[in-house]
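Biologist: I would like to learn how to read features of a structure such as this one. Please take them one at a time.

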Amino acid sequence: MRAPLQQIETSSELPQSADAVVIGGGVVGVFTAYYLARRGMKVALVEKGRIGAEQSSRNWGWCRQQNRDARELPMATRSLDLWDSFATETGEDTGFRRCGLLYLSNDEAELDGWARWRDFATPAGVTTHMLDSAEASERGRATGQTWKGGVSSPTDGTADPSRAAPSVARAILKLGGSVHQNCAARGIETEGGRLSGVVTESGTIRTKVAVLAGGAWASSFCHQFGFRFPQASVRSSILSVSPGAEGLPDALHTARISATRRGDGGYTLAISGRGRVDVTPQQLRFSSQFVPMFLKRWQSLAPGGLQGMRSGHETLRHWRLDQPTPMERMRILDPIPDRATIRLTHARALELLPDLRKTTVSAAWAGYIDSTPDGVPAIGEITTLPGFFLAAGFSGHGFGIGPGAGHLVADLVTGSEPIVDPTSYDPRRFDASAWGKVADF
């Protein structure tokens, strides 16, 4: 029972050349290609499997400012506006709605943390309301419980993970760009020390600009040409239930369970932060840099198995450009969900939201959430390889801020005024220690 995904038809015929090649058809990759195409560039987007088939269709669908780390908040704010404007610009429907997000808690320390975030974010223009016990209990009446407090963020919302990336891909085609599925990028070519082409399984595209938006595959791809990008993945398991429950909030978070209304009227259910760490060569290589992240979040993580090793997305080996690569052997990362987590998630959801007992489990799936040591994405040009840009390591936040990330990459590629200050995302920060700088949310 896999994550639902809308599929689109694309071309198998590659262009001989392009102004820019985007590697990776997740939400960040498609928005990058879209904003480049809007600026009149000839863009080719290559995806080893299907558009949006990995983490971009396996997440909750939240598009939020609430509780964002200070480094990501400006991008989150701009992304909400871009989610809004995309439908008007293109006529495509990503399922985006500003339905508001509701957080409920009985933990005083958690409530105090949310209040501190409110004090930081309100001067930045974010609309967020702390709820007292009466307000939280009323807003959370579907739980049948009394709550100490909560947060409401009415201008935040959700989009539909099953159709967001495919919708943006269709918009790229309308602008004259090309999209190529089942076409893995194997590597790059250079001339005079700068990028000159992207080598794919179907041929080479001559270009002076390439953007790697490869999600969990990004570090192993960078490893092929000697760039060290610290990245590690966590296997997260979630499920969806059929329509039938009534009176539930559209998007609800509690410490025990989170629930999100889907476009079909069903709900996605998950336990925030919970995941399995599957051992891989890449995990071991960068383990020392991830110690601060692990120490901060160890209570939510548990040892995994060998799925990551078999998937090949975190390999340290070098591959040849004229032979099949791990991407062609594993077109779509589709790890087996952790059954214990699925059972626990469903049981908690039925306990918290009794009306869900009218529903049945419709799907359960897992995905690899790729992270950086500080929990903030890497976005920027690789200075040792002019013309090559990285947009990866979104640490579970990429779906919501995908439009802003894509816009920022397009700004950097074209030399335009950046939509947000790119300093915090510069990949060069990993040349220094990331200790003590783990994202707060």
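Biologist: Is Ser233 buried or exposed?

Modeller: Ser233 counts as buried because its relative accessibility is 2%. Buried means under 20% relative accessible area, exposed over 50%, and partly exposed in between, with a 1.4 Å probe and protein chains only. This is a predicted model, in which local features need pLDDT of at least 70 and side-chain atom pairs count only at pLDDT 80 or more, while totals for chains, interfaces and linings use all residues. Residues are numbered from 1 along each chain as its sequence is written, and side-chain values use heavy atoms, with hydrogens and water left out.

Biologist: Where is Ser233, and which side chain does it join in a polar contact?

Modeller: Ser233 sits in strand S13 (residues 232–241). Helices (H or I, at least four residues) and strands (E, at least two) are DSSP runs, numbered from the N terminus. A polar contact is a pair of N or O atoms within 3.5 Å; within protein, one must be able to donate a hydrogen and the other to accept it, and residues adjacent in sequence count only if both atoms are side-chain atoms. Here the side chains of Ser233 and Glu314 are joined at 2.9 Å. Contact in the wider sense means heavy atoms within 4.5 Å. Leaving aside neighbours within four places in sequence, the contacts of Ser233 include Gln283, His313, Tyr368 and Asp370.

Biologist: What does the side chain of Thr207 reach?

Modeller: The side chain of Thr207 reaches the backbone oxygen of Val209 at 2.9 Å. A polar atom of that side chain also lies 3.4 Å from the backbone oxygen of Asp19. Thr207 is in the loop between strand S11 (203–206) and strand S12 (210–212), and it is buried, with a relative accessible area of 4%.

Biologist: How do I read a pair of packed helices?

Modeller: Two packed helices are described by the angle between their axes and the distance between the axes. Axes are lines fitted to C-alpha atoms, for helices over the stretch in contact, and angles run from 0 to 180 degrees between N-to-C directions. Angles under 35 degrees count as roughly parallel, over 145 as roughly antiparallel, 65 to 115 as roughly perpendicular and the rest as oblique.

Biologist: How do H1 and H2 cross?

Modeller: The axes of helix H1 (residues 27–38) and H2 come within 13 Å and cross at roughly 55 degrees, so the two are oblique to each other. H1 passes H2 in a left-handed crossing. A crossing is left-handed if the near helix is turned anticlockwise from the far one by less than a right angle, and right-handed if clockwise. Among the residues that meet are Phe31 and Tyr35 in H1, and Trp83 and Phe86 in H2.

Biologist: What about H1 and H5?

Modeller: The axes of H1 and helix H5 (residues 164–174) come within 9 Å and cross at roughly 20 degrees. H1 and H5 are therefore roughly parallel to each other. Their contact includes Val30 and Ala33 of H1, and Val168 and Ile172 of H5.

Biologist: At what angle do H2 and H12 cross?

Modeller: The axes of H2 and helix H12 (residues 398–414) cross at roughly 90 degrees and come within 7 Å, which means H2 is roughly perpendicular to H12. Among the residues in contact are Met75 and Ser79 of H2, with Phe399, Pro403 and His407 of H12.

Biologist: How do I check the length of a helix such as H3?

Modeller: The expected span of a helix is 1.5 Å times one less than its number of residues. H3 (residues 108–121) has 14 residues and should span 20 Å; its end C-alpha atoms are 20 Å apart, so the two agree. The buried residues of H3 include Leu111, Trp114 and Trp117. The elements that the buried residues of H3 pack against include helix H2 (73–90) and strand S4 (101–105).

Biologist: Which phi values should I look at?

Modeller: Most residues other than glycine have a negative phi. Asn182 has a positive phi of about 55 degrees although it is not a glycine. Asn182 is in the loop between strand S8 (178–180) and strand S9 (185–191), and is partly exposed, with a relative accessible area of 39%. Ser395 also has a positive phi, near 55 degrees, but Ser395 is buried, with a relative accessible area of 10%.
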